[in-house]
Amino acid sequence: MTKKQLGHSFIFLGIFLILALFGIDLLGAGKFQGIGPAQKLALTGAGAIILVGLSLLPRGDRPA
Amino acid sequence: MKKSLQAASGKWHAAIPRLLIGLALLAFVGYFIVYLIYAANLFQFPFDYDQGEGFELMDTALFSLGEWPYRNNDVYPFYSSNYPPLFHVITVPLVWLFGPKYWTGRLVSFLGTLVTAAAIAYAVKKDTKRRRGAERRGEKKGRGRWWLSALTGLGFLASNYVYHVGPLFRQHMFMVMFETLAVVLLAQVVAREEASGRDNNKGLLVVMFLLLLAGYTKQLAYATVAAVFIFLFLRQPKRAVMWAVPFAAVTGLIFLWINAATDGMWLLNTVTANINPFIPGQAIGLFRQWFTLHTVIIIAAALFAVYQLYFERLSVYTIWFVAAVLNSVTAGKWGAGESYFATAIAASLILTGLAFNRLLDWSQNRGANWQFAMLTIIPLLWLVQADKLFHMPTHTPALAAIANALGQPTEVWIAPQTSCSAPRPPERIPYVDSAGVSLLGRPPSRADTKAGIAITELVAQGETAAFSEDAGFNFYLGRDIVTNPTQLLNLYNNNAVDLTKMLTMLDEQAFDTVVLRAQFYPPEVLNMIGQRYETTNLVQMNGFVYCVMTPRGSKSIIEPPGG
């Protein structure tokens, strides 16, 4: 696997996490109205994962 | 004049790093001696020191009789285990030889921590040799920086968390041992494969076996299993899948076999009973404490992980470190604690050793001044880390004098833990720990042993086994081990236990004594105990006030031992 592919994997993982976090609300599992404190924390983490993924893209075809 | 100045400067360049390396080694050897003192004291203590030790001894005793500890909690003696079997099975021969003694499992766990420390040191030493070997191909092999390997290995034993839990009859550190061995071996196998261009399937098979052992020592090893397969996937995706399928199949088959052999009690007691509430405050507090205590090795490991992410290939150690840190969030579960960080500590120490190796190699190519700077800064960082980890029993004049000389306090004042009795004023405790007020870490004293014997004498005045939160008193008297309170509470919280028979027995005062320490039983059980039993004696042991209770209305008020 290359750094670029690793970057894409991180981006997909981050997007998946964000979708899953909002999916929890759709299923009615959250006990807070809107975005709860745990969700905020997890969203920040997911955002960070996406940023790390984006920053890996320029590393190109170097092995991961 | 200039030459003599240069000669003097050269001497200092050699002497200062040596002095600092010597001091760092002295500090960590000192921690190792402290660890030995604590372990030796614990081996001699014949009762529970940490909640749950006695139940792990019970699991071992059951295995020694060829019985499973995964049982129906609804019927007498209302006992079951919530842990996988391997640690207890390995301890069985000692129980066969010496009987169900607490020191057996404590010794096995303690030896496990020594193996882990050796594996950490080995990983760093191999990296030094490999790098030097690559740089000086054709020359004689590099000797390795033995002092750096020694510091990383000793650093593991110096961690407050490893110190607290290492010599206890708990399976956690044995799991960490298997995890560390698996990851270190994988790193060697892959390095050899890449150097020779040939697959080493036998080596990988041993790695898988060690992972299996880790998982069947404690469930928490799943994070290391994930780290290993992520690493394999990054290097050789097809091969990773080819190994993951049989690994999952073997793990699953063993799971199904144990579940079938125990009529489903394995699934109930090791999975359902481990679904505990998550306490965010507990997780955040433990993360803060972990970072405060292990700052140097965490920052060094994290920086090296970032460096690898962008500038070279990710090593298995980096992936393991990230997985272990993420998994440490589970320390916030009710019943979990600081020991959940032990895997992250092992991984961070290896990464720190590798990072410092790189810096020392880099400085060698930059000239004497850079080399001097690195050889000064690195041992200084180890000394800073040693200071942050400070913990020391001060129960002897020599240890108290050392703590005093290091500018540390020689005692702390802590109130005994009371749950079933009135609060008590703080008492002097001859143990100092930068982790803060801790019930673990202080070596048990002769007074603690006397207190334990006093409780057994109170239990012995009755004819039945005690309904006790600690197993030690019944073990001492050779009576049944009745209940595993935290297991019952976990099952109760998951609506997976029927307390009818237990409540009936308590209602009928079928037990001559009840011994409480932290009131971990389900509320209905505590309520029934409160209705049918009354406290007759309070005995303090290991910083806890135990309540010894007898049936209400009975005229046999227990006389204190010797009274």
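**Entry 1: domains of chain B.** I began with the domain separation and found that the C-alpha centres of domain 1 and domain 2 of chain B lie 30 Å apart. I note that the model is a predicted one. I then checked the bounds: domain 1 of chain B comprises 2-44 + 82-132 + 144-390, and domain 2 of chain B comprises 392-433.

**Entry 2: contact between the domains.** I looked up which residues take part and found five from domain 1 of chain B and four from domain 2 of chain B. On the domain 1 side, helix α1 (residues 2-44) of chain B supplies the largest share, three residues. I also recorded the classes on that side of domain 1: four residues are nonpolar, one is polar and none is charged.

**Entry 3: nonpolar core.** I next examined the largest nonpolar core, which has 165 residues. The residues with the most contacts inside this core are A182(B), V228(B), F321(B) and L351(B). Helix α7 (residues 172-196) of chain B gives the most to the core, with 15 residues. I checked whether both domains of chain B are represented, and each of domain 1 and domain 2 contributes at least three residues.

**Entry 4: surroundings of V228(B).** I set aside the neighbours of V228(B) within four places in sequence and listed its remaining contacts: A182(B), V183(B), L186(B), V207(B), L211(B) and V316(B).

**Entry 5: chain A against chain B.** Finally, I looked up the contact between the chains, in which four residues of chain A meet five residues of chain B. The chain A side has three nonpolar residues, one charged residue and no polar residue.

Note on methods:
Residues numbered from 1 in each chain as written. Chains lettered and ligands numbered in written order. Predicted model: local features only at pLDDT ≥ 70, side-chain atom pairs only at ≥ 80, totals over all residues. Contact = placed C-beta atoms within 7 Å. Nonpolar A, V, L, I, M, F, W, Y, C, P; charged D, E, K, R; others polar. Domains from an automatic or database assignment. Helix = DSSP H or I, 4+ residues; strand = E, 2+ residues; numbered from the N terminus. Core = buried A, V, L, I, M, F, W, Y, C linked by C-beta atoms within 7 Å. Buried ≥ 20, exposed ≤ 12 C-beta atoms within 10 Å, placed from the backbone.
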